[in-house]
Amino acid sequence: MCPNFTKMAKSDYIIEVNHVSKQFEDGKFALDDVNLKITKGEFVTILGPSGCGKTTLLRCIAGFQVATSGDILLNGQDVTDMPPHLRPVNTVFQKYALFPHLNVFENVAFGLKLKGIETREMERRVKRALKMVSMSDYEYRDVDSLSGGQQQRVAIARAIINEPEVLLLDEPLAALDRKMRADMQLELREMHKKLGITFIYVTHDQEEALTLSDRVVVMREGKIQQIGSPTDVYNEPKNCFVANFIGESNILDAVMVKDGLVHFCDRDFECVDHGFGENTAVDVVIRPEDFYIAESKAETDAEKADDPWQLHATVQSCIFKGVHYEMTVLTDNGYELMIQDYRMFEPGTQVGLLVKPEDIQVMRKERLCNTFSGIVKEDNRVEFLDEDWNINDRTSERFAIGEEVEVEVDFDHVNLQDDEDDGTLSGEVHFILYKGDHYHLTVRTDDGDDIYVDTNDIWDNGDRVGIKVAPSYIRLYKKEQAKDETVS
Amino acid sequence: MKLFRNRRSWAWPYILFLVLLVLLPLALIGVYAFTDQAGHFTLQNFVQFFSKSEAVNTFIYSIAVALVTTIVCLLLGYPAAYIMALRSFRTPAVMALLFILPMWINFLLRTIATVELFHMFNLPLGEGALLFGMVYDFLPFMIYPIYNTLQKMDVSLLEAAMDLGANRVQTFTKVVLPLSASGIYSGIVMVFMPTVSTFAISELLTHNKITLFGSLIQRSFGEGGIMMWNYGAALSLIMLVIIGATSFFGQNDNDDSQKGGLL
């Protein structure tokens with residue numbers, strides 16, 4: 001191994017990922033300006049749906065892929081362009097990647113043999129590593145004769161025997177059955193404690209991430225969404241994606257009336273969040289288990305106003321989930337909420353709901369409407385997203401032809417068509433968020449631009465749609481001239 | 001009708017084929033090799049071969065030519081298969097096809113074309129031309145099985161080796177090479193076996209100046225008339241033993257790791 005690593009322990013972080021981007025040949029970014037610092041001995045999980053770039057990030061750290069830009073430091077040393085065999089990290093591969101021409105012992109000893117460790121010492125260490133993964137009696141077995149779980153254990157032994165400073169695990173348990181996965185999770189935790197080295201674990205399984213790690217890194221489309229402890233990302237998700245991806249959640253449009261008071265479901269709720277400003281549009285997240293639910297006797301509006309429940313609702317459905325029941329309720333003012341409770345409420349039951357201030361998580365909205373940059377054209381038209389759109393003639397009068405403008409379209413004024421040819425533009429439903437009384441969709445156009453849509457219609461992920469906007473709903477604004485653009 | 005319902009009976013045509021065209025000829029070779037023209041048992045045919053230094057030399061020379069051809073094919077073919085399998089090219093399949101393409105044309109035609117090529121460039125026919133022609137003819141048989149095994153190899157195995165500290169050379173010698181052994185083996189067998197018994201290629205490319213073992217056999221049967229059949233059968237048997245030996249060579253450690261070899 002490179003001797004530099006032993007004497008360099010100055011950096012507080014074992015791994016620093018600085019502004020790392022990875023662009024593939026087709027121009028798509030697998031990683032988009034990723035920043036991540038990992039301290040020694042941490043168990044960090046990189047979590048995200050498939051295609052979010054989590055594996056690419058791991059492979060950049062392992063050295064199998066080279067970042068397009070940015071750098072990666074290991075113990076303070078720049079390893080961005082260092083080939084994998086020189087890095088003091090070892091990887092446990094998703095499909096084990098055991099060498100089929102070698103037996104268990106030879107597989108585990110592979111790294112030590114390369115280092116020229118003498119036979120006795122090697123045997124001792126191989127035995128110890130195999131004992132650690134409870135595979136002691138399998139030394140001379142053919143790897144093909146082992147079960148998936150056993151192969152995974154050998155793969156872990158093969159990696160940890162080299163005493164790496166960082167162990168990278170790429171969805172190591174994905175191919176195992178549920179029960180086996182749970183056992184291995186516990187063993188991995190134990191192993192992490194015993195070895196005291198840094199684990200970086202990639203998974204798409206949010207439960208696994210929450211169970212295993214000290215810190216969770218949530219990724220989406222090449223960008224880090226949130227970094228935090230499992231309780232942080234669960235209880236205080238930073239945005240709708242994180243809230244939706246980790247655990248079940250009710251996500252609702254809300255208005256922050258003032259510090260400590262938020263308005264949603266047509267009423268004010270006390271909350272503990274501050275610093276959002278007054279009358280600011282926000283999103284709130286309430287976990288299904290955070291609602292208090294009980295049968296309500298109140299029938300008339302007057303009675304309802306008097307009793308202590310914050311919301312009145314009717315149970316729509318009730319499913320037994322093992323430990324709890326999962327219920328969908330419809331509030332009197334038309335919001336659908338998901339509620340989990342260990343008691344069962346029959347569909348049709350009138351219930352009252354309460355939520356404690358600290359259980360309401362307020363999140364800043366990423367955007368309030370669609371904004372595009374456009375160019376005003378002749379005949380009351382404006383070009384944006386590479387298409388010509390009709391606009392109100394009165395709007396066009398305010399701008400010169402050829403002028404660059406900001407274009408705004410409200411979420412609920414984007415019209416989706418079943419037939420993609422009916423739209424001015426066509427695209428694909430990319431992400432769906434249920435907001436209690438409507439769906440918030442992300443529609444990705446064929447050019448890769450995102451349009452956000454509020455709708456009551458039900459669409460599925462991947463649906464092809466035509467996109468239309470009525471002329472009167474396209475608002476144009478003067479482009480804020482980049483006055484300081486002059487380069488000094 | 002019952003006959004056709006029984007799937008075993010479907011095998012009869014093939015069994016007939018094997019008996020008539022494989023087993024019977026083999027048995028005949030055996031019988032002829034150990035008998036004289038009158039049909040009496042004798043070892044005279046073998047004695048005749050081993051006592052004639054010219055025949056033995058031809059035999060050794062043929063094996064040497066086959067060995068050299070095989071080694072050259074391996075040295076040229078392995079890198080080609082490796083480059084294609086590692087997807088360094090955008091269209092490895094097209095490249096693989098180009099390598100296989102000459103196999104679409106009958107080897108005699110290709111050999112005649114090679115002779116013309118040598119004439120065109122005023123190159124002498126002889127040993128060099130023979131080796132060139134043999135390598136050209138049999139290279140695809142080496143590339144294809146190796147390409148097949150390499151192409152099916154899991155890339156993560158290479159990454160695992162590098163991850164465990166192996167540099168490029170070590171990754172190759174400790175993982176790629178052993179895992180492609182079955183392909184190499186298939187390639188060697190597929191090149192060596194037919195080259196040992198070649199005769200037409202050698203005759204065309206050397207202007208009959210060099211006689212290979214295959215030609216010897218062919219002459220025994222073709223030019224020698226019925227008189228030489230017993231001798232020719234003995235030569236064939238000797239060649240069969242040699243070829244049989246090569247195909248069993250190294251097979252014991254190849255039974256379960258063979259993935260994608262042609263044999």
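Begin with chain B of this predicted model, and select α6(B) and α7(B), which make a right-handed crossing. In residue terms, select 107-120 for helix α6 and 127-152 for helix α7 of chain B; the axes of the two come within 10 Å and cross at roughly 140°. Angles over 145 degrees count as roughly antiparallel, and α6(B) and α7(B) are therefore oblique to each other.

Next, show the side chains where these helices meet. On α6(B), pick Phe107(B), Arg110(B), Thr111(B), Thr114(B) and Phe118(B). On α7(B), the partners in the contact are Ala129(B), Gly133(B), Tyr136(B) and Asp137(B). Coloured by class, the residues of the contact between α6(B) and α7(B) come out as 4 nonpolar, 3 polar and 2 charged.

Move on to helix α12 of chain B, residues 213-222. Which residues of this helix are buried? They are Phe213(B), Gly214(B), Ser215(B), Leu216(B), Ile217(B) and Ser220(B).

Finally, bring chain A into view. Its contact with chain B takes 18 residues from chain A and 16 residues from chain B. On the chain B side, select α8 (155-163) and α9 (168-179), the elements that give two or more residues to the side touching chain A. The largest share of that side, 6 residues, belongs to α8(B). By class, the residues of the side of chain B that touches chain A are 8 nonpolar, 5 polar and 3 charged.

Note on methods. Residues are numbered from 1 along each chain as its sequence is written. Chains are lettered from A and ligands numbered from 1 in the order in which they are written. This is a predicted model: local features need pLDDT of at least 70, side-chain atom pairs count only at pLDDT 80 or more; totals for chains, interfaces and linings use all residues. Two residues are in contact if their C-beta atoms, placed from the backbone, lie within 7 Å. Helices (H or I, at least four residues) and strands (E, at least two) are DSSP runs, numbered from the N terminus. Ala, Val, Leu, Ile, Met, Phe, Trp, Tyr, Cys and Pro count as nonpolar, Asp, Glu, Lys and Arg as charged, and the others, Gly among them, as polar. A residue is buried if 20 or more other C-beta atoms lie within 10 Å of its own, exposed if 12 or fewer, and partly exposed in between; C-beta atoms are placed from the backbone. Axes are lines fitted to C-alpha atoms, for helices over the stretch in contact, and angles run from 0 to 180 degrees between N-to-C directions. Angles under 35 degrees count as roughly parallel, over 145 as roughly antiparallel, 65 to 115 as roughly perpendicular and the rest as oblique. A crossing is left-handed if the near helix is turned anticlockwise from the far one by less than a right angle, and right-handed if clockwise.
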